[in-house]
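Please read this briefing alongside the sequence and the coordinates.

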There are 2 protein chains.
Amino acid sequence: MTPRTTTSVDEETPRIGGIERLAHTDLAAEPLFLAARLASTGSAGANGVLAELGLKVRHYSVLALACSGEEPTQRELSQFLVLDPSQIVSIIDELEHRGAVERRTDPRDRRSKILAPTAAGRSLYGQARDLVTRSTEESLTGLSVAERDELFRLLRKAAL
Amino acid sequence: MTPRTTTSVDEETPRIGGIERLAHTDLAAEPLFLAARLASTGSAGANGVLAELGLKVRHYSVLALACSGEEPTQRELSQFLVLDPSQIVSIIDELEHRGAVERRTDPRDRRSKILAPTAAGRSLYGQARDLVTRSTEESLTGLSVAERDELFRLLRKAAL
């Protein structure tokens with residue numbers, strides 16, 4: 001029997017197959033643990049589908065913000081994505097190396113750099129977004145549409 | 001003006017102070033991004049308070065499951081916490097080194113090891129849990145009690 005990945009879900013087997021007893025521990029009653037577990041299994045699923053584009057979720061997130069029209073600075077990316085500045089620099093380097101983004105001088109502050117997408121980066125983001133949308137659907141398959149809407153509303157309120 | 005950390009929250013300033021415009025991007029409309037951001041800011045807050053015990057959130061999670069009475073194996077810890085087996089081994093090594101947990105042979109499968117807490121480990125977990133509970137309260141301060149309950153219910157359904 002092959003090991004089941006944490007992101008595979010089917011009717012018969014819950015995704016914590018074999019470890020249901022850990023679902024009754026005090027840790028599993030902590031909301032931030034549950035948010036982290038949802039994020040981790042979701043990221044694993046998204047990383048799986050993004051592999052065909054040679055991307056990981058962290059590249060995807062930076063690329064998405066580069067394509068937002070908001071011209072984020074590296075400092076803003078770091079703060080919004082809750083990643084160290086050094087991690088942001090390395091992700092941008094990788095995206096720049098493959099021609100998906102460009103660093104430009106911030107017209108609001110010439111000491112600062114903003115991130116802008118190239119045409120190829122916009123196209124890459126479009127493809128990646130479709131893959132991530134489908135992967136997210138799978139991650140949330142256990143919730144009704146109304147429950148997804150409510151989870152989204154509450155997560156926005158708590159996370160932003 | 002000192003930089004504001006992502007986990008500091010007060011009445012006047014939302015925790016994404018200065019980057020509200022990124023809250024209107026497509027990325028900020030993705031539920032798994034929001035779950036990841038909540039988990040990351042929550043972890044940063046919990047790591048901050050756990051530092052006084054020399055722990056990080058990942059040690060805390062493993063210690064919590066060790067103290068659950070469920071005698072988790074390393075494989076189960078890896079699956080439940082969505083961490084690589086090598087990461088689990090390293091976290092257990094650190095907890096074992098400080099005398100908080102012990103590896104024991106699994107009576108259900110002699111090739112496998114289960115994790116059990118020491119008396120010191122139980123005491124450490126009690127202290128850590130109090131700190132994490134207070135830190136979680138702060139992370140969720142923007143939600144009403146009813147909203148927290150609903151977020152918890154939906155996260156459990158989606159994450160487990």
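How many residues does the contact take from chain A, and how many from chain B? In this predicted model, the contact takes 51 residues from chain A and 51 residues from chain B. The points below begin with that contact and the symmetry behind it, and then turn to individual helices and strands.

**The contact between the chains**

- On chain A, the side that touches chain B draws at least two residues from each of helix H1 (31-50), helix H2 (57-66), helix H3 (74-81), helix H5 (119-139) and H6.
- H1(A) is the element that gives the most to this side of chain A, with 14 residues.
- Sorted by class, the side of chain A that touches chain B holds 29 nonpolar, 12 polar and 10 charged residues.

**Symmetry of the two copies**

- Chain A is superposed on chain B by a rotation of 180° with 0.0 Å of shift along its axis, and the RMSD of that superposition is 0.0 Å.
- The two copies are therefore related as by a two-fold rotation axis.
- Within chain A, the C-alpha nearest the axis belongs to A:Ala35, which lies 2.7 Å from it.
- Both copies use the same surface, since 100% of the contact residues of chain A recur in chain B.

- H1(A) packs with helix H1 (residues 31-50) of chain B at an angle of about 130°, and the two axes are 8 Å apart.
- The crossing in which H1(A) passes H1(B) is left-handed.
- From H1(A), the residues A:Leu32, A:Ala35, A:Ala36, A:Leu38, A:Ala39, A:Gly42 and A:Ser43 take part, and they meet B:Leu32, B:Ala35, B:Ala36, B:Leu38, B:Ala39, B:Gly42 and B:Ser43 of H1(B).
- The contact of H1(A) with H1(B) divides into 10 nonpolar and 4 polar residues, with no charged residues.

- H6(A) passes H6(B) in a crossing that is left-handed.
- The residues A:Glu147, A:Glu150, A:Leu151, A:Leu154 and A:Ala158 of H6(A) meet B:Glu147, B:Glu150, B:Leu151, B:Leu154 and B:Ala158 of H6(B).
- In the contact of H6(A) with H6(B) there are 6 nonpolar and 4 charged residues, and no polar ones.

**H1 against H5, within chain A**

- Inside chain A, the axes of H1(A) and H5(A) cross at roughly 140° and come within 9 Å.
- At that angle H1(A) is oblique to H5(A).
- The crossing of H1(A) past H5(A) is right-handed.
- On H1(A), the residues A:Thr41, A:Gly42, A:Gly45, A:Ala46, A:Val49 and A:Leu50 meet A:Ala128, A:Leu131, A:Val132, A:Ser135, A:Thr136, A:Glu138 and A:Ser139 of H5(A).
- By class, the contact of H1(A) with H5(A) comprises 6 nonpolar, 6 polar and 1 charged residues.
- A:Gly42 is among the residues of H1(A) that meet H5(A), and A:Gly42 is also among those that meet H1(B).

**The strand pair in each chain**

- In chain A, strand E1 (residues 101-106) and strand E2 (residues 109-117) run antiparallel and are joined by 6 bridges.
- E1(A) and E2(A) form a hairpin that has 2 residues between the strands, and A:Val101 stands opposite A:Pro117 in E2(A).
- In chain B, strand E1 (residues 101-106) pairs with strand E2 (residues 109-117) in the antiparallel sense, over 6 bridges.
- The hairpin of chain B joins E1(B) to E2(B) through 2 residues.
- B:Asp106 has B:Asp109 as its bridge partner in E2(B), whereas the partner of B:Glu102 in E2(B) is B:Ala116.

Methods:
Residues are numbered from 1 along each chain as its sequence is written. Chains are lettered from A and ligands numbered from 1 in the order in which they are written. This is a predicted model: local features need pLDDT of at least 70, side-chain atom pairs count only at pLDDT 80 or more; totals for chains, interfaces and linings use all residues. A crossing is left-handed if the near helix is turned anticlockwise from the far one by less than a right angle, and right-handed if clockwise. Helices (H or I, at least four residues) and strands (E, at least two) are DSSP runs, numbered from the N terminus. Two residues are in contact if their C-beta atoms, placed from the backbone, lie within 7 Å. Ala, Val, Leu, Ile, Met, Phe, Trp, Tyr, Cys and Pro count as nonpolar, Asp, Glu, Lys and Arg as charged, and the others, Gly among them, as polar. Copies are superposed by least squares on the C-alpha atoms of residues with pLDDT of at least 70 in both. Two strands pair if DSSP finds at least two bridges between them. Axes are lines fitted to C-alpha atoms, for helices over the stretch in contact, and angles run from 0 to 180 degrees between N-to-C directions. Angles under 35 degrees count as roughly parallel, over 145 as roughly antiparallel, 65 to 115 as roughly perpendicular and the rest as oblique.
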